[in-house]
Amino acid sequence: MLRTATLAVTFLAGIIVILAFFFDVGFLATAEARVQDWGVIVAAFALAMASINLVQVNIRRISSSDDATEKICAVVLLAALVVMSIIGLTQGPTSDTYNVLFDGIMAPGQSTVWALGVFYISSAAYRAFRVKNVDAGLLLFSSAFVMLGAVPIGEVIWSGIPAVSQWIVDVPNMAGMRGMLIGAGIGAFSGGLRLLLGIDRTEVG
Amino acid sequence: MLSKLGRIDSRVLYLILLIAFIVPLLCPLGLPMIISDEIKRTYDLIESLPEGSRVVVSFDLSPGGYDELAPACAAVFNHMAMKGLRLIGMSFWDAGPSLLDRSLAGSLYVDKEYGDDYVNLGFLAGGENAMAAAARDIRGAFPSDFHDNPTANMPIFEGVQSLKDVEMVIVVATGNPGVPEWIRQVGDPMGVPIATIVIAGLVADYAPYIQSKQLIGMIPGLRGAAGYESLIDMLGRGTAGLDAQSVAHLMILIFVLVGNIVYFAERSREKEESAKEGAA
Amino acid sequence: MIQGRQFTLLLFLVMSVIMLYAGNYVRKGKKTIKIRRLSAVEAIPEAIGRATEAGRPVHFSPGLAAITGLDAPQTFAGISLLRYIAKLTARYDVRLIVTIRQPAVLPLAQETIRQSYLEEGKFDALSQVDVMFLSNQQFAYAAAASGVIMREKPAASFLFGAFWAENLMLAEVGTQVDAYQISGTASIGQVPFFVTTTDYCLIGEELYAAAASLTADEVFLGAILGQDICKGIMVALLVVGVIVTAVGSDLFVRLLSL
Amino acid sequence: MNMSTSVSVWLAALVTIGLISFVFKENFYYRIVESLYVGVSAGHAIVLGWGNIRNLAIRPLGEGNVAVIIPIILGLMLFTRYFEKWHRVSRIPTGFLMGLGAGLSMRGIVGSQIIEQIKACYVSLNSINNILIVVGTFAVLSYFFFTVEHDGFVGKSATLGRWFMMLCFGAAYGSTVTGRISLFVGRLQFLLGDWLGILQ
């Protein structure tokens with residue numbers, strides 16, 4: 001019964017937006033608008049839920065871990081989550097205190113974590129980027145030109161570099177990406193179809 | 001000597017790289033910059049819009065990519081403000097609205113009228129579905145803005161029901177949902193021209209959309225910012241960071257080169273040794 | 001019917017019908033589908049053979065995605081490959097280390113491994129398997145997994161599933177300890193890094209094909225057959241359209257714009 | 001030299017340095033900073049999620065729009081996941097979201113990602129670039145046929161496709177390197193400029 005209801009809801013939500021896309025019928029447009037607006041609200045609940053899941057995982061970390069660092073980290077994480085939520089819910093996400101936490105912790109935290117990638121890229125460049133075969137040779141050729149084409153120094157080294165770099169991105173890369181885009185599109189379509197009809201074993205939930 | 005180079009500690013590499021970053025930041029070299037066609041096309045499109053046109057800016061980014069995109073956003077926003085275009089900001093990533101506030105505050109829009117010349121509508125949950133919902137009925141999806149002002153009577157929305165009624169969409173993107181979703185839900189079905197300010201890492205991925213003209217223009221990260229700054233003749237952070245970028249790129253390529261020299265030298269030595277063993 | 005979407009609707013229906021038909025066709029067992037050779041899959045026994053000879057363990061990661069959401073299929077494909085790899089480690093008595101980021105994947109991996117060891121009749125050897133939940137945070141997981149790889153020095157490391165920016169850390173550490181590395185991910189943005197740092201890499205959809213070929217899962221196989229036929233249609237549209245356009249007719253441009 | 005006196009700049013500098021320290025060695029300071037930022041980010045998601053719920057559900061409900069009760073109930077059903085007995089109920093709203101997402105992407109993919117992309121290949125074959133675009137797309141597509149063995153023509157075409165993909169991956173690798181470098185430049189501009197005030 002529950003499974004049938006789940007499958008029905010999944011199917012209906014999908015089929016409504018698909019039909020409304022192809023057919024200009026009044027009631028379909030209304031149904032689409034309803035379903036989409038509801039989707040935003042349910043997604044907002046889901047967003048909050050993901051954070052609650054994090055709370056659950058970390059409470060478990062505090063109670064079950066033997067490692068002191070683990071426990072401290074979990075406590076810090078939960079405290080940060082609670083403080084941020086309370087300030088945001090009482091004073092709003094544009095208040096001064098909230099902005100201090102956003103600008104002081106969240107924004108620099110994420111951008112530094114992303115930026116760290118440059119270090120791993122450098123050591124991988126040194127240790128692992130070997131011209132072992134044709135594949136690796138082509139990859140290195142194209143990446144070297146694209147890298148040098150992205151910065152002024154490339155043009156200083158050889159005036160043709162920006163043009164070659166642009167050509168690699170616009171022609172062979174474009175063609176290859178297009179092939180992958182079409183292939184991946186078919187794959188995603190197939191996944192969506194299986195999901196709507198409930199024939200995927202990786203079913204929802 | 002070579003085998004020592006092969007076993008070098010990663011941290012030594014990191015240190016070398018760190019120096020390669022810092023030195024040119026402190027002592028700039030002043031290398032010239034490049035302006036690609038996609039940057040120029042975005043500039044031309046904005047330049048061609050009549051005063052008062054409405055442009056949607058979708059801030060679909062994580063703070064992780066903000067450093068890379070902020071200079072380009074500043075340059076484009078300044079250009080739009082100088083042209084008298086009206087900016088409707090929205091976001092489908094939760095960090096977007098706060099970052100958009102920062103970007104607007106640092107641009108010429110600060111001197112304009114909020115609610116008339118520009119607005120920050122805030123965040124909507126649900127990714128692609130939220131985009132489709134906002135595109136269909138913009139004020140329905142955002143009954144109030146990020147600062148909790150009601151949008152019903154804002155002058156900027158006069159005559160705007162759906163996104164069919166705006167002149168252009170600029171997607172500021174660090175990933176999905178982002179450019180492909182905007183093309184699918186708005187660009188193609190509604191016929192609105194889309195341009196993007198995007199992290200460099202996605203430039204190669206979006207090349208097919210440029211060639212098919214589903215995407216009109218593309219401003220790639222810091223490099224795009226430097227180009228755009230020179231087009232509008234307002235130099236900023238994009239240009240300032242270019243030298244450090246140049247040297248760092250060169251350093252990574254040197255790492256690849258040295259790594260390969262070590263690899264081939266060791267391989268030929270191993271071959272010699274095994275040949276000797278074979279002979280003995 | 002909305003103008004400009006007629007051909008889209010036609011293709012939509014054609015693709016749906018083909019995929020459903022292919023799925024049914026495989027499920028009813030009318031035909032066994034053979035998946036083409038994938039060199040990365042063929043290299044797996046060799047990698048485990050090396051570990052056996054060297055007396056060093058094997059490391060496996062099913063990626064960082066959860067078991068729900070858009071990237072979940074990648075995790076399931078990773079688990080399918082784990083099933084096969086665990087059989088080999090059981091057969092050759094090699095120590096297996098699995099590092100996990102998603103709490104929900106932990107029991108799934110444990111159960112899969114138990115099943116594989118049972119099927120190989122090596123239930124006692126299960127004590128040689130370590131399935132470790134490290135952290136649910138992306139980089140904390142990557143750091144901890146790197147630590148495990150550094151300490152245990154596996155002779156082979158398998159990375160199959162959804163990976164993001166942290167993949168470089170894992171693959172780079174693998175290179176440092178001289179592990180034979182085989183990777184696979186449908187997160188296309190990460191493929192370049194796997195291609196440069198690992199010995200073999202399953203690119204994009206190849207991950208699902210590998211999982212399907214090793215487990216003979218009907219749903220996977222049916223999906224692959226359906227997608228192959230659809231790709232054939234796209235190739236035909238491409239080739240015929242290009243030829244027709246080349247001889248100066250805009251017939252196909254107009255057809256696709258309908 | 002004008003060192004910053006702003007609280008958020010100092011906080012950001014401490015966070016930035018703590019996270020950078022990780023590449024040299026994992027340490028306690030790094031772990032604390034990481035936990036802080038993960039916690040704050042999750043809190044932010046709750047706050048903005050609540051903003052949507054308030055604007056689109058609670059307020060309209062107060063104004064007499066009864067229909068929004070349906071998505072509110074669906075949203076609340078998500079929380080049954082935490083109760084052993086009822087956890088399956090949460091599959092209904094999850095199914096709703098996934099079905100909606102699948103429908104939206106399916107309807108968009110066929111036009112934008114397949115038809116438009118094939119149509120863009122309908123070019124006159126009068127230049128090497130145009131020929132490469134058609135050949136490359138064809139070759140890469142042929143690589144991803146899984147039920148056909150890679151022998152003969154298909155094999156050659158697939159190998160060519162693999163080479164095209166390697167050029168793609170090289171371009172993606174190169175541009176990702178550029179991206180990461182830009183980000184790090186951004187962090188250093190922050191540390192040296194906004195925080196320490198050494199840069200102009």
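## Two domains in chain C

The C-alpha centres of domain 1 and domain 2 of chain C lie 34 Å apart. Domain bounds here come from an automatic or database domain assignment. Domain 1 of chain C covers 6–31 + 217–257, and domain 2 covers 39–215. The contact between them takes four residues from domain 1 of chain C and six residues from domain 2 of chain C. Two residues are in contact if their C-beta atoms, placed from the backbone, lie within 7 Å.

The side of domain 1 of chain C that touches domain 2 of chain C has three nonpolar, no polar and one charged residues. For these classes, Ala, Val, Leu, Ile, Met, Phe, Trp, Tyr, Cys and Pro count as nonpolar, Asp, Glu, Lys and Arg as charged, and the others, Gly among them, as polar.

## About the model

This is a predicted model: local features need pLDDT of at least 70, side-chain atom pairs count only at pLDDT 80 or more, and totals for chains, interfaces and linings use all residues. Residues are numbered from 1 along each chain as its sequence is written, while chains are lettered from A and ligands numbered from 1 in the order in which they are written.

## The sheet of chain C

Chain C holds an open sheet of six strands with parallel pairing, in the order β3-β2-β1-β4-β5-β6. Helices (H or I, at least four residues) and strands (E, at least two) are DSSP runs, numbered from the N terminus. Two strands pair if DSSP finds at least two bridges between them. β3 (129–133) and β6 (200–203) of chain C stand at the edges with a single partner strand each, so one side of each has no neighbour in the sheet. On average, neighbouring strands of this sheet are turned by 10° against each other, direction ignored. Axes are lines fitted to C-alpha atoms, for helices over the stretch in contact, and angles run from 0 to 180 degrees between N-to-C directions.

Strands β1 (residues 58–63) and β2 (residues 96–100) of chain C run parallel and are joined by three bridges. C:Val58 stands opposite C:Leu96 in β2(C). Two helices lie across strands of chain C. Helix α6 (residues 167–176) of chain C lies across β1, β4 and β5, at about 165° to β4(C).

## Chain B as a whole

Chain B has twelve helices and six strands. The radius of gyration of chain B is 24 Å, well over the 19 Å that the globule rule gives for 280 residues, so chain B is more spread out than a compact globule. That radius is taken over C-alpha atoms, and the globule rule is 2.2 Å times the number of residues to the power 0.38. Along the principal axes, the C-alpha atoms of chain B fill a box of roughly 90 × 40 × 35 Å.

Of the 280 residues of chain B, 58% count as buried (20 or more other C-beta atoms within 10 Å of the residue's own, with C-beta atoms placed from the backbone). Among contacts in chain B between residues at least 6 apart in sequence, 75% join residues at least 24 apart. The domain assignment of chain B gives domain 1 (2–28 + 243–279) and domain 2 (37–239). Their C-alpha centres lie 41 Å apart.

## The sheet of chain B

An open sheet of six strands in chain B has parallel pairing and the order β3-β2-β1-β4-β5-β6. At its edges stand β3 (118–123) and β6 (217–220) of chain B, each with a single partner strand, so one side of each is left without a neighbour in the sheet. Neighbouring strands of this sheet are turned by 15° against each other on average, direction ignored.

Six bridges join the parallel strands β1 (residues 54–60) and β4 (residues 168–173) of chain B. B:Phe59 stands opposite B:Val172 in β4(B). Helix α3 (residues 37–48) of chain B packs on the sheet and touches β4, β5 (194–198) and β6 of chain B. The direction of α3 makes about 120° with that of β6(B).

## How the chains meet

Of the five pairs of chains in contact, chains A and D share the most contacts. Here 96 residues of chain D are in contact with 94 residues of chain A. The largest share of the chain D side, 24 residues, comes from α2(D). By class, this side of chain D has 61 nonpolar, 28 polar and seven charged residues.

Chain D also meets chain B, with 39 residues of chain D in contact with 42 residues of chain B. Here α6(D) gives the largest share of the chain D side, 18 residues. The residues of this side divide into 19 nonpolar, 18 polar and two charged. Chain B and chain C do not touch, and their nearest C-alpha atoms are 8 Å apart.

Technical notes. A residue is buried if 20 or more other C-beta atoms lie within 10 Å of its own, exposed if 12 or fewer, and partly exposed in between; C-beta atoms are placed from the backbone.
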